[in-house]
Amino acid sequence: MAFSFKSIFARKSKADLVTIPRRGFAIRGNTVVNEDSAMQVSAFHRGLIYVSTQIAKLPWDIKDKDNVIQEGLTSDLLNLAPNTEMNAFMFRLSIIQNAIIHGNGYAEIERNTLGQAIALWPLRSQEVELLRTPEGKLLYKWIGGVGSNTVYLQPRDVFHIRNFHTKDGLNGQGVVAYGAETLGIAIAADKMASGIFHNGGIPSGVLKHPGTITDEAYKRMKESWDAQHGGRKTGGTSVLEEGVTYEAINVVPEALQFLQSRQFGVLEIARFLGVPPTKLFDVTAATYSNVENANLEVATDTLDAWAVNLEMEADVKILNNRYGGRFTELDLYAVFRGDMKTRSSYFKDMMSVGSITPNEIRSREGMAPYEEGDNYYIATNNFTPVDRMNEVIDAQISSKTAPQTPAVSTNTPAVEKPSKALEEAAIMFLQKK
């Protein structure tokens with residue numbers, strides 16, 4: 001898709017430019033492997049959609065050096081709408097899919113008179129080339145303006161996301177080009193299967209004649225058989241003449257379905273895209289435990305790398321952040337958060353050391369904050385507000401160091417027991433009487 005309004009600071013006309021080469025589509029045998037044919041391979045289609053949507057759905061924050069989220073126009077470009085014609089989700093979807101398929105995803109950065117980014121306009125990857133001037137300066141050549149005019153853009157005005165396979169660090173190499181062998185096999189297998197099954201492409205049997213028949217007899221026999229049993233006409237009765245016999249052809253079902261070759265193709269495509277086969281709906285060897293591990297692996301090994309790819313390009317060309325300060329961050333929490341039990345344990349541990357507040361937990365879980373939910377807590381016997389920790393500690397110290405006051409008894413004092421000598425004297429006195 002081409003857009004008419006572009007940055008007034010970006011364009012220059014140049015002559016005698018040297019094109020920096022990149023690979024496009026490929027031909028394997030009689031199979032053309034390009035964007036459209038590759039998308040007909042279900043495994044590749046699913047993998048491409050999975051990777052791009054997982055990144056497109058994430059919050060993309062702008063933060064200062066103290067890690068505080070900043071709001072404003074630039075934040076809206078990344079999170080809401082990069083231009084007046086699409087939302088941020090579709091923009092990221094487009095640029096990542098182009099980077100995977102073609103190796104490069106491009107967008108022109110529209111700036112105001114102060115040089116601040118005010119819009120991002122996607123450019124078709126097939127219409128953009130990297131060039132060098134005779135002086136060695138890098139330029140982007142775009143053929144797709146009004147009237148298909150050629151426009152030359154400065155590197156600072158092109159948001160450029162490259163695929164991870166690159167030979168020079170400038171051009172990315174697309175999966176469709178360097179994965180042509182695997183995709184070509186998958187495309188050819190699908191076409192072969194379609195040809196076999198279309199209108200009963202495999203014969204159910206052959207007619208045998210003991211001798212030699214004329215061309216006219218052959219033609220008449222073939223037309224008669226097709227008329228009676230061709231297409232969907234099955235189960236009828238055949239009358240054979242002149243010694244003609246019928247021999248059925250048995251076909252192994254696995255050969256018709258190409259099960260092994262197709263499963264191998266899914267695994268190869270999963271490797272090219274950096275996702276586990278379960279994300280391409282291949283559950284051949286899936287169990288609950290390895291699916292959980294696969295979710296974590298795809299987040300750390302693939303999605304996080306794409307996130308850093310986008311963040312660094314935005315830091316340099318949108319925030320102009322070459323010397324520190326503000327930076328962008330794609331929040332991967334939605335991908336990493338795991339199940340309810342795992343999240344509950346994580347938040348409890350974070351809260352027990354005063355690293356997160358109840359309201360921050362509620363915000364992560366999509367719930368509204370509550371009053372006094374911004375206090376930090378540290379686990380003692382129970383959770384204690386951080387700002388009252390000194391009071392709690394002082395009270396505990398005082399209780400251990402204060403002098404002990406003797407207990408005052410409220411009982412009547414006990415009468416002293418008379419001595420044994422006094423008791424004996426009293427007994428003798430009573431006996432005399």
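Predicted model: local features only at pLDDT ≥ 70, side-chain atom pairs only at ≥ 80, totals over all residues.

The protein contains 15 helices and 16 strands. Of its 433 residues, 36% are buried. The protein exposes about 27200 Å², and carbon and sulfur atoms supply 55% of that area. As for contacts with a separation of 6 or more, 62% of them are between residues 24 or more positions apart.

Let us now consider the sheet. It is an open sheet of 3 strands, in the order β5-β4-β14, with antiparallel pairing. The edges are formed by β5, residues 69-70, and β14, residues 327-330, each of which pairs on one side only. Strand β4, residues 60-63, joins β14 through 4 bridges in the antiparallel sense. Within this arrangement, I62 is found opposite T328 of β14.

Which residues have the most contacts inside the largest nonpolar core? They are F44, F159 and L310, in a core of 47 residues. Helix α10, which spans residues 288-317, gives the most to this core, contributing 7 residues.

Finally, I return to L310. Setting aside neighbours within four places in sequence, L310 is in contact with I55, W60, I95, I96, F159, I161 and L330. F159, in that list, is also among the residues with the most contacts inside the largest core.

Thank you for your attention.

Methods: Residues numbered from 1 in each chain as written. Heavy atoms only, no water. Pairing = 2+ DSSP bridges. Helix = DSSP H or I, 4+ residues; strand = E, 2+ residues; numbered from the N terminus. Core = buried A, V, L, I, M, F, W, Y, C linked by side-chain atoms within 4.5 Å. Buried < 20%, exposed > 50% of the residue type's maximum accessible area, 1.4 Å probe, protein only. Contact = heavy atoms within 4.5 Å. Areas by Shrake-Rupley, 256 points an atom, 1.4 Å probe, with all protein chains shown as cover.
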